[in-house]
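Thanks for coming. I will go through one structure, starting with its charged pairs and ending with its surface.

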Amino acid sequence: MLSKKTQYAFKALTYMAEQKQVGPFLIADIAEKKKIPLKFLESILLELKKAGILNSKKGKGGGYYFNADPASISLALVMRLIEGPIALLPCVSLNFYEKCGDCNEKKCGLNKIMAKVRDKTLGILENQTIADLVTQ
């Protein structure tokens, strides 16, 4: 299941993508419109900024805005950034791989099935973008 943090990140990014304006967007406005706790949203948007997904402008007329076209930001990228691994087991993770201590991966049926689950999931998440959330 997606954490609240990831759900809030997607809500905020969707809100920003569906607006006619390019930004910047005030954190308080996003928090109010999408019912996200302000302090929690601040940390999420800062994390997205550090990753290069968003940028910000200070002062009057400031706020957060996309650093790239929402159509170029995959859901997989955001999920990995906020959530961590997409794979359900560490031994099948592409970016966060960890060998299971007591398992022979070559003979493990669970490993083989979870690798298929990972591949199907990634096939969807890597080919869907923030812009697709607006049109769904």
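A search of the whole structure finds four salt bridges, a salt bridge being a side-chain nitrogen of Lys or Arg within 4 Å of a carboxyl oxygen of Asp or Glu. Before I go through some of them, a word on the source. This is a predicted model, in which local features need pLDDT of at least 70 and side-chain atom pairs count only at pLDDT 80 or more, while totals for chains, interfaces and linings use all residues. Residues are numbered from 1 along each chain as its sequence is written, and side-chain values use heavy atoms, with hydrogens and water left out.

One of the salt bridges joins the side chains of Glu47 and Lys5, at 2.8 Å from N to O. Glu47 sits in helix H3 and Lys5 in helix H1, so this pair ties together parts that are 42 residues apart in sequence. Helices here are DSSP runs of H or I with at least four residues, strands are runs of E with at least two, and both are numbered from the N terminus. Glu47 is partly exposed at 23% relative accessibility, and Lys5 is partly exposed at 24%. For these words, buried means under 20% relative accessible area, exposed means over 50%, and partly exposed is in between, with a 1.4 Å probe and protein chains only.

Another salt bridge is formed by Glu126 with Arg80, where the closest N and O atoms are 3.7 Å apart. This pair also links distant parts of the chain: Glu126 is in the loop between H5 and H6, Arg80 is in helix H4, and they are 46 residues apart. Glu126 has a relative accessible area of 40%, which makes it partly exposed.

Asp119 and Arg118 meet through their side chains in a salt bridge as well, at 2.7 Å from N to O. Here Asp119 counts as partly exposed at 43% relative accessibility, whereas Arg118 counts as buried at 14%.

Now the aromatic side chains. How many aromatic pairs are there? Rings of Phe, Tyr and Trp (its six-membered ring) pair if their centres lie within 6.5 Å; planes under 30 degrees apart count as stacked, over 60 as edge-to-face and the rest as tilted. By this rule there are two aromatic pairs. In one, Tyr8 and Phe40 are edge-to-face, with 5.6 Å centre to centre and 85 degrees between the planes. Tyr8 belongs to helix H1 (residues 4–18) and Phe40 to helix H3 (residues 38–50), so the pair ties together parts that are 32 residues apart in sequence. Tyr8 is buried at 12% relative accessibility, and Phe40 is partly exposed at 30%.

Tyr15 and Phe25 also make an edge-to-face pair, with 6.2 Å centre to centre and 65 degrees between the planes. Tyr15 lies in helix H1 and Phe25 in the loop between H1 and helix H2 (27–34), so this pair ties together parts that are 10 residues apart in sequence. Both Tyr15 and Phe25 are buried.

Next, two loop residues. Ser93 is in the loop between helix H4 (75–83) and H5, and counts as buried at 7% relative accessibility. Its side chain reaches the backbone nitrogen of Phe96 at 2.9 Å. Thr129 is in the loop between H5 and helix H6 (130–135), and is buried at 12% relative accessible area. Not counting residues up to four places away in sequence, Thr129 touches Pro70, Ala71, Ser72, Ile73, Ser74 and Leu75, where contact means heavy atoms within 4.5 Å.

Finally, the whole protein. What does its secondary structure come to? There are six helices and two strands, running α-α-α-β-β-α-α-α from the N terminus on. The C-alpha trace spans about 60 × 30 × 25 Å along its principal axes. Buried residues make up 35% of the 136 residues. Among contacts between residues at least 6 apart in sequence, 58% join residues at least 24 apart.

As for the surface, the protein exposes about 8,400 Å², and carbon and sulfur atoms supply 56% of it. Accessible areas come from the Shrake-Rupley method with a 1.4 Å probe; for residues, only the protein chains shown count as cover.

Notes
A polar contact is a pair of N or O atoms within 3.5 Å; within protein, one must be able to donate a hydrogen and the other to accept it, and residues adjacent in sequence count only if both atoms are side-chain atoms.
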